[in-house]
Amino acid sequence: MKIDGNCHCGFIQYKAEVNPEEVYICHCTDCQSISGSPFRWAVSVPAENFKLISGNPKTYEKISANGRASHQLFCPECASPIYSTAVGTEPKSYNLRLGTSNQRSDLPPKLEVWCRSAQEWVASKGTNEKLNKQ
Ligand SMILES: [Zn+2]
Ligand SMILES: [Zn+2]
């Protein structure tokens with residue numbers, strides 16, 4: 001599925017081709033603090049299927065509890081998260097933040113991960129049996 005999107009201020013614009021079956025939400029505590037929200041909503045996109053149209057995102061290097069580094073890219077003007085990617089791995093893929101996509105209403109999550117860190121009041125937790133939980 002072809003999608004496009006932009007950060008809140010419009011500085012960053014992108015196009016991508018994504019698989020709607022791979023849309024997920026992550027409840028881990030890093031995603032909670034980086035997004036400022038109860039979970040992160042994303043899809044993994046091979047690098048060749050993602051194209052930055054305008055703007056140059058800023059990179060924050062996140063070190064996770066297990067010591068693994070990832071790059072978190074965001075708009076330097078409005079701080080909207082755009083994508084994350086592992087450091088030093090090939091082939092590259094981007095975990096695109098779907099809140100920035102114009103097609104977001106057509107991209108419901110198919111998988112939930114890190115459910116043990118989920119906030120108890122998150123509505124989908126334990127109620128949406130269509131979702132595949134980890
Ligand atoms: Zn922006
Ligand atoms: Zn996470």
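Helices (H or I, at least four residues) and strands (E, at least two) are DSSP runs, numbered from the N terminus. With that in hand, the protein chain reads β-β-β-α-β-β-β-β-β-β-β-β from the N terminus on, which amounts to 1 helix and 11 strands. This is a predicted model, in which local features need pLDDT of at least 70 and side-chain atom pairs count only at pLDDT 80 or more, while totals for chains, interfaces and linings use all residues. Residues are numbered from 1 along each chain as its sequence is written, and chains are lettered from A and ligands numbered from 1 in the order in which they are written.

**Overall dimensions and packing**

- The C-alpha trace spans about 40 × 35 × 30 Å along its principal axes.
- A residue is buried if 20 or more other C-beta atoms lie within 10 Å of its own, exposed if 12 or fewer, and partly exposed in between, with C-beta atoms placed from the backbone; 31% of the 134 residues count as buried.
- Two residues are in contact if their C-beta atoms, placed from the backbone, lie within 7 Å. Among contacts with a separation of 6 or more, 53% come from residues 24 or more positions apart.

**The open sheet β1-β2-β5**

- Two strands pair if DSSP finds at least two bridges between them, and 3 strands form an open sheet in the order β1-β2-β5 with antiparallel pairing.
- At the edges sit β1 (2-6) and β5 (50-54), each of which pairs on one side only.
- Neighbouring strands of this sheet are turned by 20 degrees against each other on average, direction ignored; the axes behind such angles are lines fitted to C-alpha atoms, for helices over the stretch in contact, and angles run from 0 to 180 degrees between N-to-C directions.
- Antiparallel pairing of β1 with β2 (residues 13-17) takes in 5 bridges, and lysine 2 stands opposite glutamate 17 in β2.

- Strand β6 (residues 58-63) is joined to β7 by 6 bridges in the antiparallel sense, with lysine 58 opposite phenylalanine 74 in β7.
- The β6 and β7 hairpin has 5 residues between the strands, and there glycine 67 takes a positive phi near 90 degrees.
- Next, β7 and β8 share 5 bridges, again antiparallel; serine 70 faces alanine 86 in β8, and phenylalanine 74 has proline 81 as its bridge partner in β8.
- As for cover, 5 of the 6 residues of β8 are buried.
- Between β8 and β9, which run antiparallel, there are 2 bridges, and tyrosine 83 stands opposite leucine 96 in β9.
- The β8 and β9 hairpin has 6 residues between its strands, with glycine 88 in the turn at a positive phi of about 80 degrees.

**The nonpolar core**

- A nonpolar core is a set of buried Ala, Val, Leu, Ile, Met, Phe, Trp, Tyr and Cys residues joined through C-beta atoms within 7 Å. In the largest one, with 26 residues, Ala16, Ala42, Val43, Val45, Ile82 and Leu96 touch the most other members.
- At least two residues of this core come from each of β2, β3 (23-26), β4 (40-46), β7 (69-74), β8 (81-86) and β9 (93-97).
- Leucine 96 touches Ala16, Val18, Ala42, Val43, Val45, Phe50 and Tyr83, not counting residues up to four places away in sequence.

- Alanine 79 lies in the loop between β7 and β8 and has a positive phi near 70 degrees in a residue other than glycine. Alanine 79 counts as exposed because 12 C-beta neighbours fall inside 10 Å.
- Tryptophan 114, in the loop between β10 (111-113) and β11 (132-133), also has a positive phi, of about 55 degrees, although it is not a glycine. With 18 C-beta neighbours inside 10 Å, tryptophan 114 counts as partly exposed.
- Valine 87 belongs to the loop between β8 and β9 and counts as exposed, with 12 C-beta neighbours inside 10 Å. Not counting residues up to four places away in sequence, valine 87 touches Ala69, Ser70 and His71.
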